[in-house]
Amino acid sequence: MGAIDQEALARPRQEKWISVVAYGIAVIVVGILPAFLSSYIQGVITRFLIFALFSVGYNVVFGYLGLPSLGHAAYFGAGGYVIAVLKMHYDIDLFWVGAPLGILMATFIAAMFGILALRVSGIYFLLVTFALGQLLYSVAWNVKWLNTPGMQGIAGLSLPSFGTGGWTLDPISFYYLVLVITVICIYLIRKIANSPFGHALIGIREGEGRMRTLGYNTWLYKYFAFVISVIFSGVAGVLFGYYNYVISPTHLGVGTSFLPMCMCIIGGTGTLLGPVIGAALIIFVELFASIMTPERWPLTLGGLFVLTIMFAREGVGVYLAKLWNKMSHPYGSIKS
Amino acid sequence: MEQFVINMLNGLSYGMVLFLIASGMSIVMGAMNITNLAHGVLYMVGAYVGWTTAVKYGAPFVIGLVAGGLGAGIVGLVIERGFLRHLYKKPNEQVLLTFGFVYILTNLCLWVWGGWPRMPFTAKVLAGSIEIMGKTYPKARLATIIIGFVLAIILWWLQDRTRIGAMVRAGMDNKEMTMGLGINLERVFASVFFVASCIAGVAGVLGAQLLGVYNALGLEILLLALIVIIVGGVGSIQGALLGGLLIGVIDAFGKALFPRLAMFTMYFTMIVVLLLRPSGLLGRKA
């Protein structure tokens, strides 16, 4: 008995040591380092955080519930458009007004679209969410009120103000605002995923019929999961509106919808931090490709998707997690 | 009255193109359970190839049709044999892979054909117009209706009246049993995918007469195909035909009667169908 106890005691210490180092690196990279980098790189890391939040939220529906949505950009963009319309038509850039309204708008649209989209399941869910997303895209494209004269989309946005006279946000404090919001949201999603509700979602993914037999109202669970996931899309969209200064119909369209899906698949579907890794990979590949070959970056991005699917199908994140497991369990007794 | 007929003809010709776009994708989805988001890009490849042969090199229109169909078909076959073959029963991976090809092929087309949009072109044989009830009407659109209708009958005959169609339908219902009967389903699937891509290419050449060709076309066409599939139902020629004609006619009348809302009429149709019959008008019940 003694020997077993010792081993059990030894392992957590080993894990703790490694995780302290890993979290330390993470805190330095996202928490301290950006303050000393050029504002361009700060911008890229802000963009990464926003998309990490977007795809972790998306993963609630895609990974845990197993429904492929290809319309989440509609809700993401709706959040951004609320910010933009408030700025353009009412000259309001107060965070306390814009953020709640943007999130409410995204949630409201999702509450309507969810009823339509959840009438079908499986791959048809993808088709319907895609078409509904393009509906918002064409609204934004055609309604004059939603466009700055002379262009598609709304330009001239600014960083939010907080109603504290005299003090305004600069890019680095906005970066920290995004960082704090992202960390809080990912923590909340972790709570949701680990709650009985989250486990019920996985149950529905694995066998909806059984869950129904067990007395779960599966439709309601799916509906709530969809709306919850969209709330986080709304948060990310609001932050993106402030970050990007321009919001255009493209941000509602399928190209943007596709990003969180890719990030989830590349990072590892149904894991909490996989999408974050996927987001990092895609944003930085996008960055390098657009610097090296601005003309051909879609080619690089498409090539990345194809290569990932053919050779790292489980997701790069899952691969890294296995590596992590190996490192933190040097005795080789992995239970996964 | 004559305005009604003109609108109807506009709707039918547009609807025939929509049918051709959607039918291949619908069959691939129904028979092979493959979601091919690159279908719209195959249409675009076909349209570009057809434009090059028929307009740039001045070949007869029929050769343009064949070249466009074969071009898209070969690209489709490469995608299926090289990549999608390894991803049966993995819908999410298929989506990611085919969307990767949307990026790749769109960019390659930009590379080869450049960024400037091609105007809608008309074949020399089909140039000019004829008189219908006192109004002139372009021959090209009438030819589109006829070609689409002929193709619809051929496809329907292939699906419902031939041995290969029976194999495809059997594979749709029960894959294991079909393979157990000694049918080489892999080869059947590869040919289905090839034919579906060819139809997309032919649709591209026909559609280029109405819509022109430009680089963002791939995704727009994909959206139209999806709406037609949602309205008509997955997996049958009849469903795609009904969905395509319905959306085409509704769109034409929408443009004529309420031009400001014309963009939304097809979405509206889709939403109504989703509420009443989620599996599509002629779709099988799930």
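Modeller: Two residues are in contact if their C-beta atoms, placed from the backbone, lie within 7 Å. Helices are DSSP runs of H or I with at least four residues, numbered from the N terminus. This is a predicted model, in which local features need pLDDT of at least 70, side-chain atom pairs count only at pLDDT 80 or more, and totals for chains, interfaces and linings use all residues. Residues are numbered from 1 along each chain as its sequence is written, and chains are lettered from A in the order in which they are written.

Colleague: What covers the buried residues of α4(A)?

Modeller: A residue is buried if 20 or more other C-beta atoms lie within 10 Å of its own. In α4(A), the buried residues include G102(A), A106(A) and F113(A). Their cover includes α3, α5 and α9 (218-244) of chain A.

Colleague: At what angle do the axes of α3 and α4 of chain A cross?

Modeller: Two packed helices are described by the angle between their axes and the distance between the axes. Axes are lines fitted to C-alpha atoms over the stretch in contact, with angles from 0 to 180 degrees between N-to-C directions. Here α3 (residues 72-90) and α4 (residues 95-117) of chain A have axes that come within 8 Å and cross at roughly 140 degrees. Angles under 35 degrees count as roughly parallel, over 145 as roughly antiparallel, 65 to 115 as roughly perpendicular and the rest as oblique; α3(A) and α4(A) are therefore oblique.

Colleague: Which residues of α3(A) meet α4(A)?

Modeller: Among them are A78(A), V82(A) and L86(A) in α3(A). The residues of this contact divide into 13 nonpolar, three polar and no charged, where Ala, Val, Leu, Ile, Met, Phe, Trp, Tyr, Cys and Pro count as nonpolar, Asp, Glu, Lys and Arg as charged, and the others as polar.

Note on methods. Helices (H or I, at least four residues) and strands (E, at least two) are DSSP runs, numbered from the N terminus. A residue is buried if 20 or more other C-beta atoms lie within 10 Å of its own, exposed if 12 or fewer, and partly exposed in between; C-beta atoms are placed from the backbone.
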